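Please look over the chain shown here.

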Amino acid sequence: MFMKTNEGSYFTFAVAVAVNCSCVDLSPDATPDQAAAYVEDILSVIFSNTDVSARVEPLKYPVTSKIPLIITLNDSVKRLLWFYPQMSCGDLATELEGLLCDMSAGTLCA
């Protein structure tokens with residue numbers, strides 16, 4: 001039980017650091033491609049030096065304040081992130097941690 005708590009804490013820390021290091025203010029009218037590139041940059045930091053590869057693509061969707069992004073991990077695992085350009089670093093870190101928590105074992109070896 002103690003080990004799982006530490007794994008979760010280390011992954012939370014890794015996500016928070018990656019988001020804060022990559023955090024930029026995107027324009028409120030950022031394009032879906034800009035949002036996808038931004039999130040993909042963050043994921044490349046989270047999963048650097050691991051065997052996890054991440055690709056982010058915008059999902060075709062009517063224009064709204066949120067941008068649906070499809071995160072593909074290792075060419076098979078897909079996750080949906082509802083991203084919005086005004087999202088705070090803390091909110092983005094929380095969302096990514098929730099979406100990716102089952103991939104935390106891949107980051108702990110880094």
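The report below moves from the overall fold to single residues.

## Basis of the model

This is a predicted model, in which local features need pLDDT of at least 70, side-chain atom pairs count only at pLDDT 80 or more, and totals for chains, interfaces and linings use all residues. Residues are numbered from 1 along each chain as its sequence is written, and side-chain values use heavy atoms, with hydrogens and water left out.

## Overall fold

The chain has four helices and three strands. Their order along the sequence is α-α-β-β-β-α-α. Helices (H or I, at least four residues) and strands (E, at least two) are DSSP runs, numbered from the N terminus.

Of the 110 residues, 36% are buried. Buried means under 20% relative accessible area, exposed means over 50%, and partly exposed lies in between (1.4 Å probe, protein chains only). The chain exposes about 6500 Å², and carbon and sulfur atoms supply 57% of that area. Accessible areas come from the Shrake-Rupley method with a 1.4 Å probe; for residues, only the protein chains shown count as cover.

Contacts (heavy atoms within 4.5 Å) also reach along the sequence. Among those with a separation of 6 or more, 47% join residues 24 or more positions apart.

## The nonpolar core

In soluble globular proteins, nonpolar side chains tend to be buried together. Here the largest nonpolar core holds 30 residues. Val39, Phe83 and Leu96 have the most contacts inside this core. Two or more residues come from each of helix 1 (2-22), helix 2 (32-46), strand 2, strand 3 and helix 3 (89-100). Helix 2 gives the most, with seven residues. A nonpolar core is a set of buried Ala, Val, Leu, Ile, Met, Phe, Trp, Tyr and Cys residues joined through side-chain atoms within 4.5 Å.

Which residues does Val39 contact, leaving aside neighbours within four places in sequence? They are Val56, Leu69, Ile71, Leu81, Phe83 and Leu96.

Side chains of opposite charge can pair when their charged atoms come close. A salt bridge is a side-chain nitrogen of Lys or Arg within 4 Å of a carboxyl oxygen of Asp or Glu. The count by this rule is two. Arg55 pairs with Glu57, with the closest N and O atoms 3.9 Å apart. Arg55 also forms a salt bridge with Asp75, at 3.2 Å from N to O. Arg55 lies in strand 1 and Asp75 in the loop between strand 2 (67-73) and strand 3, so this pair ties together parts that are 20 residues apart in sequence.

Arg55 is partly exposed at 32% relative accessibility. Glu57 is partly exposed as well, at 38%. Asp75 is exposed, at 62%.

Pro58 belongs to strand 1 (residues 54-58). Its relative accessible area is 28%, so Pro58 counts as partly exposed. Beyond residues up to four places away in sequence, Pro58 touches Pro32, Asp33, Ala36, Pro68 and Leu69. Leu80 sits 22 residues from Pro58 in sequence, and their C-alpha atoms are 9.6 Å apart.

Leu80 is in strand 3 (residues 77-83). Leu80 is partly exposed, at 37% relative accessibility. Together with Leu59, Tyr61 and Trp82, Leu80 makes a nonpolar surface patch of about 370 Å². Patches are made of residues with over 30% relative accessible area and no salt bridge; like charges are joined within 9 Å, and nonpolar side chains (Val, Leu, Ile, Met, Phe, Trp, Tyr) within 5 Å.
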